[in-house]
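Subject: Structure handover

Hello,

Here is the structure I said I would pass on. My notes on it follow below.

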Amino acid sequence: LGLSVSYGLIQEHNGIIGVLSRPGLGTRFTLYLPVDREKKTDLHPSILCIDDDTEFLGLLNLHIAQIRKIPMETIEKPNGIMEYLENHPEVDIVLSNADSKMFGSNGWKLIEKIKTRFPLISIILYSTDVNTVKQRPGRTPAPDHILKKPFKIEHFIDIINTIDRQSL
């Protein structure tokens, strides 16, 4: 009854409820309310890409936008990634280049921070050497998927389709 009453109130204010659930990890409900009550909220699950190769990010963003119409934000610097995730709860997948200069040991710390604070977000790492990625330090959480670079966009989309995405 509480969820149906909440849903009615949120719809009255032109908002939406986001639901992200992963077996064994939990469920997250996010309420999205527009600043202007007259405007309708239009959000979609999105992918955050972390890489310092802006050319590759642009190419990936172009292909994904053409193929799947998935909003994809790109961040090229590690500063602000956690803040970005705090401010954008519609992000349900993080795609990161394990070969990036910004990755290094700090990258593993970043994955640990993301998985600790946002355990429901799926992390996909890509690397030219997947064996290095599989040798993560200590008890750092494993990424959900590892791709060998270069990878086919179709394979990436197949992985996205297997991940429980946020429903809005």
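How many salt bridges does the structure hold? The structure holds four, where a salt bridge is a side-chain nitrogen of Lys or Arg within 4 Å of a carboxyl oxygen of Asp or Glu.

Before the details, two remarks on the basis. This is a predicted model, in which local features need pLDDT of at least 70, side-chain atom pairs count only at pLDDT 80 or more, and totals for chains, interfaces and linings use all residues. Residues are numbered from 1 along each chain as its sequence is written, and side-chain values use heavy atoms, with hydrogens and water left out.

Salt bridges

One of the salt bridges joins the side chains of Arg 22 and Asp 144, at 2.9 Å from N to O. Arg 22 lies in strand β1 and Asp 144 in the loop between α5 (130-134) and β7, so this pair ties together parts that are 122 residues apart in sequence. Helices (H or I, at least four residues) and strands (E, at least two) are DSSP runs, numbered from the N terminus. Strand β1 covers residues 16-22. Arg 22 counts as buried at 15% relative accessibility, while Asp 144 is partly exposed at 26%. Here buried means under 20% relative accessible area, exposed means over 50%, and partly exposed is in between (1.4 Å probe, protein chains only).

Leaving aside neighbours within four places in sequence, Arg 22 is in contact with Lys 115, Pro 119, Leu 120, Ile 121, Ser 122, Asp 144 and Asp 164; contact means heavy atoms within 4.5 Å.

A second pair is Arg 117 with Glu 86, whose closest N and O atoms are 2.8 Å apart. This pair links distant parts of the chain, with Arg 117 in helix α4 (residues 104-117) and Glu 86 in helix α3 (residues 81-87), 31 residues apart. Arg 117 is partly exposed at 43% relative accessibility, and Glu 86 is partly exposed at 41%.

Arg 165 also forms a salt bridge with Asp 92, the closest N and O atoms being 2.9 Å apart. Arg 165 is in the segment after α6 and Asp 92 is in strand β5, 73 residues apart. Asp 92 is buried at 1% relative accessibility, whereas Arg 165 counts as partly exposed at 22%. Salt bridges that share partners join Arg 22, Lys 115 and Asp 144 into one network.

Is strand β5 (residues 91-97) enclosed or open to the outside? Seven of its seven residues are buried, so β5 is largely enclosed by the rest of the structure. Strands count as paired if DSSP finds at least two bridges between them. Strand β3 (residues 46-50) runs parallel to β5 and is joined to it by five bridges; in this pairing Cys 49 stands opposite Leu 95. Strand β6 (residues 122-127) also pairs with β5 in the parallel sense, over five bridges, and there Ile 93 stands opposite Ser 122.

Aromatic residues

The whole structure contains four aromatic pairs. Rings of Phe, Tyr and Trp (its six-membered ring) pair if their centres lie within 6.5 Å; planes under 30 degrees apart count as stacked, over 60 as edge-to-face and the rest as tilted.

Phe 56 and Tyr 126 make a tilted pair, 5.4 Å centre to centre with 50° between the planes. Phe 56 is in helix α2 (residues 54-68) and Tyr 126 in strand β6, so the pair ties together parts 70 residues apart in sequence. Both residues are buried. Phe 56 also pairs edge-to-face with Phe 151, at 6.2 Å centre to centre and 85° between the planes. Phe 151 sits in the loop between β7 (145-148) and α6 (153-162), so this pair connects parts that are 95 residues apart in sequence.

Phe 56, Tyr 126, Phe 151 and Phe 156 form one aromatic cluster. Lys 149 lies over the face of Phe 56, 4.4 Å from the ring centre; the criterion is NZ of Lys or CZ of Arg within 6 Å of the ring centre and within 35 degrees of the ring normal.

Nonpolar cores

A nonpolar core is a set of buried Ala, Val, Leu, Ile, Met, Phe, Trp, Tyr and Cys residues joined through side-chain atoms within 4.5 Å. The largest has 19 residues, of which Ile 47, Leu 60, Leu 95, Ile 124 and Phe 156 touch the most other members. At least two residues of this core come from each of β3, α2, β5, β6 and α6, and α6 supplies the largest share, five residues. A second, separate core has 18 residues, including Ile 81, Leu 85, Leu 110 and Phe 118.

Regards
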